[in-house]
Structures are given as C-alpha cells and as structure tokens.
Amino acid sequence: MKLTPPTGRGRASGGNTFARTTAPGFRNPNDQVVIAATGARSTTRDGQTIYHLRCSKCTYDYGCNGMDIKGRCCPRCQNGVEGEPLREAAPMFDFSSAI
C-alpha cells in the first residue's frame, strides 16, 4: 500500500514542508494561522494548551486549544465558535534555591 500526504492542507506558510498543527506558521484549510503557544491552560478541554491564532482574512486574533486548530473557523468573519481568552500562562516559581 502506498501512502501519500494530503495535498493543499496542513502546510506551514511560506513553504512546502508539512507542519504540526500547533507549530507557529501552520495554516489550516480555513486560513487560520498559528502565531504562538501561550502556555496557558485551556478552559474548554482538559490537558490542552491555548494557542494564539490569527485569521488571515480579517486579522482577528483569538485563542484556541491545540485539538481544535485543524478545523477552526474565525469567530469574527467565518461564524466560528468564540475563541478562548488570550492570556499569559501562570508564572513558574523556582523553589530549588530556597532554604
């Protein structure tokens, strides 16, 4: 059996290399582009991280958990589900030097 990659979907912007859906630059079939991982926890899916997405049609920025990036539509111009809040991850404390 011969396996071939899908054409025209799941490509990183600016090249022909395939990218993971959470990689910055990934563009889904609805022209939603991953900007960066925020490191914040998802409010809708346990164990998921929120990613900063931008619609390449209207430039709207919003948050999305990693599992939903692949099929995401823009909440503003494509009637997609409202995005998750874009927020910073909670600060990490280093207690290794505390005595």
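Entry 1: I began with Lys57, which is exposed because its relative accessible area is 53%. Buried means under 20% relative accessible area, exposed over 50%, and partly exposed in between, with a 1.4 Å probe and protein chains only. I noted that this is a predicted model: local features need pLDDT of at least 70, side-chain atom pairs count only at pLDDT 80 or more, and totals for chains, interfaces and linings use all residues. Residues are numbered from 1 along each chain as its sequence is written, and side-chain values use heavy atoms, with hydrogens and water left out.

Which residue does the side chain of Lys57 meet in a salt bridge? I found Asp31, at 3.3 Å from N to O. A salt bridge is a side-chain nitrogen of Lys or Arg within 4 Å of a carboxyl oxygen of Asp or Glu. This pair links distant parts of the chain, 26 residues apart. Lys57 sits in the loop between strand 2 (49–55) and strand 3, and Asp31 in the segment before strand 1. Helices (H or I, at least four residues) and strands (E, at least two) are DSSP runs, numbered from the N terminus.

**Entry 2: Asp31 again.** I stayed with Asp31. It also forms a salt bridge with Arg27, where the closest N and O atoms are 3.8 Å apart. Asp31 counts as partly exposed because its relative accessibility is 23%. Arg27 is partly exposed too, at 29%. Then I checked the backbone. Phi of Asp31 is near 65°, a positive value in a residue other than glycine. Most residues other than glycine have a negative phi.

**Entry 3: the other positive phi I looked up.** Asn79 is not a glycine, yet I read a positive phi of about 55° there. Asn79 lies in the segment after strand 3 (61–65). Is Asn79 buried or exposed? It is exposed, with a relative accessible area of 77%.

**Entry 4: salt bridges.** How many salt bridges does the structure hold? I counted four. One of them joins Asp68 and Arg45, with the closest N and O atoms 3.1 Å apart. That pair links distant parts of the chain, 23 residues apart. Asp68 is in the segment after strand 3, and Arg45 is in the loop between strand 1 and strand 2. Asp68 is partly exposed at 26%. Arg45 is partly exposed at 33%. I also saw that salt bridges with shared partners join Arg27, Asp31 and Lys57 into one network.

**Entry 5: aromatic rings.** The structure holds one aromatic pair. Tyr60 and Tyr62 form it, stacked, at 5.8 Å centre to centre and 20° between the planes. Rings of Phe, Tyr and Trp (its six-membered ring) pair if their centres lie within 6.5 Å; planes under 30 degrees apart count as stacked, over 60 as edge-to-face and the rest as tilted. Both Tyr60 and Tyr62 are buried.

**Entry 6: Ser42.** I ended with Ser42, in the loop between strand 1 and strand 2. Ser42 counts as buried because its relative accessibility is 12%. Its side chain makes a polar contact with the side chain of Glu84, at 2.7 Å. A polar contact is a pair of N or O atoms within 3.5 Å; within protein, one must be able to donate a hydrogen and the other to accept it, and residues adjacent in sequence count only if both atoms are side-chain atoms. A polar atom of the Ser42 side chain also lies 3.1 Å from the backbone nitrogen of Thr44.
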